[in-house]
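Student: I would like a close look at one part of this model, the sheet, with the criteria behind each term.

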Amino acid sequence: MQEKEKENKILNKNKSLSLKKKGFFLNKRTNKLINKRMKKIEAIIRKSQFDLVKTALHNVEVNFFSYWDVTGVGNEKEGHVYRGISYSTSEIQRRFLSIVVNDDFVKPTVEAIIKSAATDRVGDGKIFITPIEDAYRIRTGEHGGNSLN
């Protein structure tokens, strides 16, 4: 019986090492596999849609992100006329969101942004996704996916 236990221990250790290489770890408290890989989601959206996007992100449990106002040059060529004065719309005021999430949250985050930011007009925005190698919580020194909670 002891040999069988040793064999199982070795197999579990090898599985654990294999999973760690793939970015997973076992949460000892909940006994669940957690994905430690992270992605950075950058979204450029209309300023008028920001409150809807913020609410949608909170609804999918993305509670922290950074944002700032940006100006971009887009494909829209048509100017707008207001009180007889033509204004160029080639320079577009937008809001830039930067969100870092564990891989498990990428799809719900992107779907929330798309659903809440869409107006079905040219210039609704863009979303970019890039891998993040590591992240650290300054206060505790925690790193990886755990530092995002």
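In what order do the 4 strands of the open sheet run, and is their pairing parallel or antiparallel?

Tutor: The model is predicted, so local features need pLDDT of at least 70 and side-chain atom pairs count only at pLDDT 80 or more, while totals for chains, interfaces and linings use all residues. Residues are numbered from 1 along each chain as its sequence is written, and side-chain values use heavy atoms, with hydrogens and water left out.

The order in the open sheet is β4-β7-β3-β8, and the 4 strands pair in the antiparallel sense. β4 (66-73) and β8 (125-132) are the edge strands, each pairing on one side only. From one strand to the next, the twist averages 25°. Strands here are DSSP runs of E with at least two residues, helices are runs of H or I with at least four, and both are numbered from the N terminus. Two strands pair if DSSP finds at least two bridges between them. Axes are lines fitted to C-alpha atoms, for helices over the stretch in contact, and angles run from 0 to 180 degrees between N-to-C directions.

Now the pairs in turn. β4 and β7 are joined in the antiparallel sense by 8 bridges; Trp-68 has Phe-96 of β7 as its bridge partner. Between β3 and β7 there are 9 bridges, again antiparallel, and the partner of Glu-42 in β7 is Ser-98. Strand β3 (residues 38-46) is also joined to β8 by 8 bridges, and these two run antiparallel. Met-38 stands opposite Ile-132 in β8.

Two helices pack on the sheet. Helix α2 (residues 50-59) touches β3, β4 and β7 (91-102), and its direction makes about 5° with that of β7. Helix α3 (residues 106-117) touches β3, β7 and β8, with a direction at about 0° to that of β3. Contact means heavy atoms within 4.5 Å.

Of its 12 residues, 9 are buried, so β7 is largely enclosed by the rest of the structure. Buried means under 20% relative accessible area, exposed over 50%, and partly exposed in between (1.4 Å probe, protein chains only). For the chain of 149 residues, 27% count as buried. Ser-98 lies in β7 and counts as buried because its relative accessibility is 13%. Leaving out residues up to four places away in sequence, Ser-98 touches Lys-40, Ile-41, Phe-65, Ser-66 and Trp-68.

β7 also gives the most to the lining of the largest pocket, with 5 residues. That pocket has a volume of about 420 Å³. Its lining consists of 16 residues, and Phe-64, Val-100, Val-101, Leu-148 and Asn-149 lie nearest its centre. The lining divides into 9 nonpolar, 6 polar and 1 charged. Here a pocket is an open set of points on a 1 Å grid over the protein atoms alone, where a 1.4 Å probe fits, with protein on both sides within 12 Å along at least five of seven lines; lining residues have an atom within 4 Å of a point. Grid points are joined across faces, edges and corners, and the volume is the space filled by probe spheres set on the points. Ala, Val, Leu, Ile, Met, Phe, Trp, Tyr, Cys and Pro count as nonpolar, Asp, Glu, Lys and Arg as charged, and the others, Gly among them, as polar.

Between α2 and β4 lies Glu-61, which is exposed at a relative accessible area of 60% and has a positive phi near 65°. The loop between α3 and β8 holds Asp-120, also with a positive phi of about 65°; Asp-120 is exposed, at 75%. Most residues other than glycine have a negative phi. Gly-123 is in the loop between α3 and β8 and is partly exposed, at 27%. Beyond its neighbours within four places in sequence, Gly-123 is in contact with Arg-46 and Arg-94.

As for the whole chain, it has 3 helices and 8 strands, in the order α-β-β-β-α-β-β-β-β-α-β from the N terminus. Among contacts between residues at least 6 apart in sequence, 67% join residues at least 24 apart.
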